[in-house]
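Hi there,

Here is the structure I promised to pass along. Have a look at it first, and my notes follow below.

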Amino acid sequence: MPRIARLVPGRTVFLLCDVQERFRSAIYGYDEIVLTINKILKVAKLLNIPVIVTEQNPKALGSTAHEIDLASLGDLHLGTVPKLSFSMMPAVKELLRDHHNIESVVLFGIESHVCVLQTALDLLEQNYDVHVLADGVSSCNREEVPIALARIQQAGGYITTSESAAFQLQQTAESPQFKPLSQIIKEEKDNTVKAVQKLVQFRSAL
């Protein structure tokens, strides 16, 4: 039987990869990625999910997009870490090790076929469950995205969406967080439609 990896609060971290100002004009669906990120950060705040952010060579490529509301996370924002390697892992491995309970990573950002892919492979090699948001990743060339997601699946990763991941983390309608989560989903409905329609690639990469 294939392994079933579930997203569980208390054992999950969100990784935001390199959504920086300098990439704004180059990345397909950049604005829609930001919409997804801000929605999933609301979920992180509600469900107490820690968030780690990386920036690729920020001296040259700028800081994280100013619209991304990291400040609202408070202590849940474990850090924004500069990096030069394509994979996030060399930059974030110490932060992950400090949180020994982490089993699952929800990964989103850019570019899908470079930094996101290499991060996913490194995480899988370290035995983390990796869940990549299809409505939260992109590349300069949109045709790269489904191929990168297929490669991650081949390696054992899981492809999901921001709304699906949110409800997996919620788990039950009996929780006191269910009504606030439902309100987030309702408020973000139009943004979710925009992001899914723009970013999710339905055609097979094979």
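Contact here means heavy atoms within 4.5 Å. By that rule, Lys39, Lys42, Val43 and Leu46 in helix α1 touch Pro180, Leu181, Ile184 and Glu187 in helix α7. Please keep in mind that this is a predicted model, in which local features need pLDDT of at least 70, side-chain atom pairs count only at pLDDT 80 or more, and totals for chains, interfaces and linings use all residues. Residues are numbered from 1 along each chain as its sequence is written, and side-chain values use heavy atoms, with hydrogens and water left out.

Now the cores. A nonpolar core is a set of buried Ala, Val, Leu, Ile, Met, Phe, Trp, Tyr and Cys residues joined through side-chain atoms within 4.5 Å; buried means under 20% relative accessible area, exposed over 50%, and partly exposed in between (1.4 Å probe, protein chains only). The largest such core has 35 residues, and Phe14, Leu16, Val19, Ile37, Ile68 and Phe108 have the most contacts inside it. Its largest share, nine residues, comes from α1. Beyond its neighbours within four places in sequence, Phe108 is in contact with residues including Phe14, Leu16, Ile37 and Leu133.

And the cysteines? Searching the whole structure turns up zero disulfides, a disulfide being a pair of cysteine sulfur atoms within 2.5 Å. For Cys17, the nearest cysteine sulfur is that of Cys115, 4.8 Å away. Cys17 counts as buried because its relative accessibility is 0%, while Cys140, at 35%, counts as partly exposed.

Best wishes

Notes:
Helices (H or I, at least four residues) and strands (E, at least two) are DSSP runs, numbered from the N terminus.
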